[in-house]
Amino acid sequence: MRLLTHNMLSSNIKGVTNGFPLLIEVEKVIEKPVDFNPDFLKNMFLKVDWKALVDASRSLGYADLPEETPESSVIDSDDFLRKFHHALLELHLEEGALVCPETERKFPVTKGIPNMLLHEDEV
Amino acid sequence: MHNRGSNKISSRIAQIRLVSSHPEVYEPCDDSFALVDALLADRSNLLEHRPTLCMEVGCGSGYVIASLALMLGEEVPGVQYIATDTNRCAVEVTHETLQAHGVHAELINTDIASGLEKRLAGLIDVMVVNPPYVPTPEDEVGREGIASAWAGGENGRRVIDKILPIADKLLSDRGWLYMVTLTTNNPSQICLQMREKGYASRIIVQRSTEEESLHIIKFWRDFGIKPDAKENVTVNRTAPARILDTLLSQVHWLSLKKSGTSNSS
């Protein structure tokens with residue numbers, strides 16, 4: 001699971017109002033190289049929740065993203081885009097869990113695939 | 001029965017020999033081939049569309065999402081793919097199928113798009129769905145394993161009717177939805193229902209097999225359609241609205257017939 005996906009996932013349990021972002025419990029992180037595409041990154045920069053991405057990348061052991069939401073002019077910086085690219089697409093949570101920030105319910109991630117299926121009493 | 005085409009074509013879509021399988025996962029069949037054929041038929045439009053995020057709901061074996069990733073391939077770089085399935089075995093099989101073809105999609109084991117609806121709202125440029133459309137007793141809907149690939153309840157509409165509002169929520173302003181339906185699902189009524197949400201529609205592929213008649217419908221937002229048309233039709237059912245209703249269904253049946261003669265295969 002890429003952090004792009006983490007940035008798009010919320011706790012879907014019935015009654016939860018603050019289900020985003022999910023906390024990350026890490027067992028195994030892997031890195032896979034992805035072709036660098038500035039257009040995609042510039043597009044996604046406007047859509048990602050920056051703080052959620054920074055916190056998630058730190059959970060996965062990558063601390064090079066600036067903590068504060070960067071000015072939009074930063075997307076013209078190649079150095080910035082490379083770091084954003086790495087955090088968003090190349091880091092994978094392979095094994096671990098996503099944790100609902102409100103209920104602490106764990107959604108397991110195995111073989112890089114999060115399981116967001118709910119139990120009957122959570123729907 | 002289905003000619004998978006020349007080498008040139010098959011290199012652009014997933015190859016059956018590379019599609020992984022599992023006893024609890026629906027294998028690529030006529031409906032999957034019809035959906036991929038519809039995407040191929042619309043490929044030049046898709047290339048021009050330059051989607052950023054593409055999504056498949058109910059990815060099964062991974063044949064369709066792998067084919068989409070391959071046909072957009074290097075010509076539309078930087079597309080990200082997301083695929084969901086409620087069947088754990090299916091997402092794992094999809095993972096193997098994607099790997100065998102050297103393409104990637106983010107996979108999530110979830111019901112339709114549960115967990116994604118908030119943050120992914122309005123971001124999907126292309127959505128493909130081969131829903132469980134087979135009419136079955138209601139209690140077969142939502143069962144685990146391979147039954148989830150086909151059990152569609154009354155008229156096969158139970159899951160389709162759950163997917164449509166979610167698709168509407170996730171699709172971007174320029175978003176396109178490609179969906180497989182059966183004649184029994186009443187495609188013209190589905191088109192009308194989507195029209196009430198502001199979507200135009202077109203049948204891209206129509207195909208009859210021994211067992212079923214399939215329509216692959218493409219939906220896109222048409223800003224010329226008033227999304228509040230629904231109120232006229234359902235709440236305030238005046239005579240003019242009824243006429244409009246009838247007129248629209250005729251338009252859609254005409255387009256059904258028309259596309260029958262221009263089948264892509």
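This is a predicted model: local features need pLDDT of at least 70, side-chain atom pairs count only at pLDDT 80 or more; totals for chains, interfaces and linings use all residues.
Residues are numbered from 1 along each chain as its sequence is written, while chains are lettered from A and ligands numbered from 1 in the order in which they are written.

Chain A contains four helices and four strands, where helices (H or I, at least four residues) and strands (E, at least two) are DSSP runs numbered from the N terminus. Read from the N terminus, the elements of chain A follow the order α-β-α-α-α-β-β-β. Along the principal axes, the C-alpha atoms of chain A fill a box of roughly 50 × 30 × 20 Å.

Two backbone features of chain A lie in loops. Most residues other than glycine have a negative phi, and most peptide bonds are trans. The peptide bond from A:Phe20 to A:Pro21 is cis, with omega near -10°, and A:Pro21 belongs to the loop between α1 and β1 (23-31) of chain A. A:Lys111, although not a glycine, has a positive phi of about 50°, and this residue lies in the loop between β3 (106-110) and β4 of chain A.

Two packed helices are described by the angle between their axes and the distance between the axes. Axes are lines fitted to C-alpha atoms, for helices over the stretch in contact, and angles run from 0 to 180 degrees between N-to-C directions. In chain A, α2(A) packs against helix α4 (residues 78-90) at an angle of about 80°, with the axes 10 Å apart. The two helices, α2(A) and α4(A), are therefore roughly perpendicular to each other, on a scale where angles under 35 degrees count as roughly parallel, over 145 as roughly antiparallel, 65 to 115 as roughly perpendicular and the rest as oblique. A:Pro38, A:Leu41, A:Met44 and A:Phe45 of α2(A) make this contact with A:Leu81, A:Phe84, A:His85 and A:Leu88 of α4(A), residues being in contact if their C-beta atoms, placed from the backbone, lie within 7 Å. By class, the contact of α2(A) with α4(A) comprises seven nonpolar, one polar and no charged residues, with Ala, Val, Leu, Ile, Met, Phe, Trp, Tyr, Cys and Pro counted as nonpolar, Asp, Glu, Lys and Arg as charged, and the others, Gly among them, as polar.

Between the chains, 22 residues of chain A are in contact with 21 residues of chain B. On the side of chain A that touches chain B, α1 (3-8), α2 (38-45) and β4 (113-114) each supply at least two residues, and α1(A) gives the most, with four residues. This side of chain A has ten nonpolar, seven polar and five charged residues.

In chain B, the axes of helix α2 (residues 30-41) and helix α4 (residues 63-72) come within 10 Å and cross at roughly 20°, which makes α2(B) roughly parallel to α4(B). The residues of this contact divide into eight nonpolar, two polar and no charged. Helix α4(B) also packs against helix α5 (residues 88-101) of chain B at an angle of about 30°, with the axes 9 Å apart, which makes α4(B) roughly parallel to α5(B). This second contact is made by B:Tyr63, B:Ile65, B:Ala66 and B:Leu70 of α4(B) and B:Thr94, B:Thr97, B:Leu98 and B:His101 of α5(B), and its residues divide into five nonpolar, three polar and no charged.

Definitions and conventions: Two residues are in contact if their C-beta atoms, placed from the backbone, lie within 7 Å.
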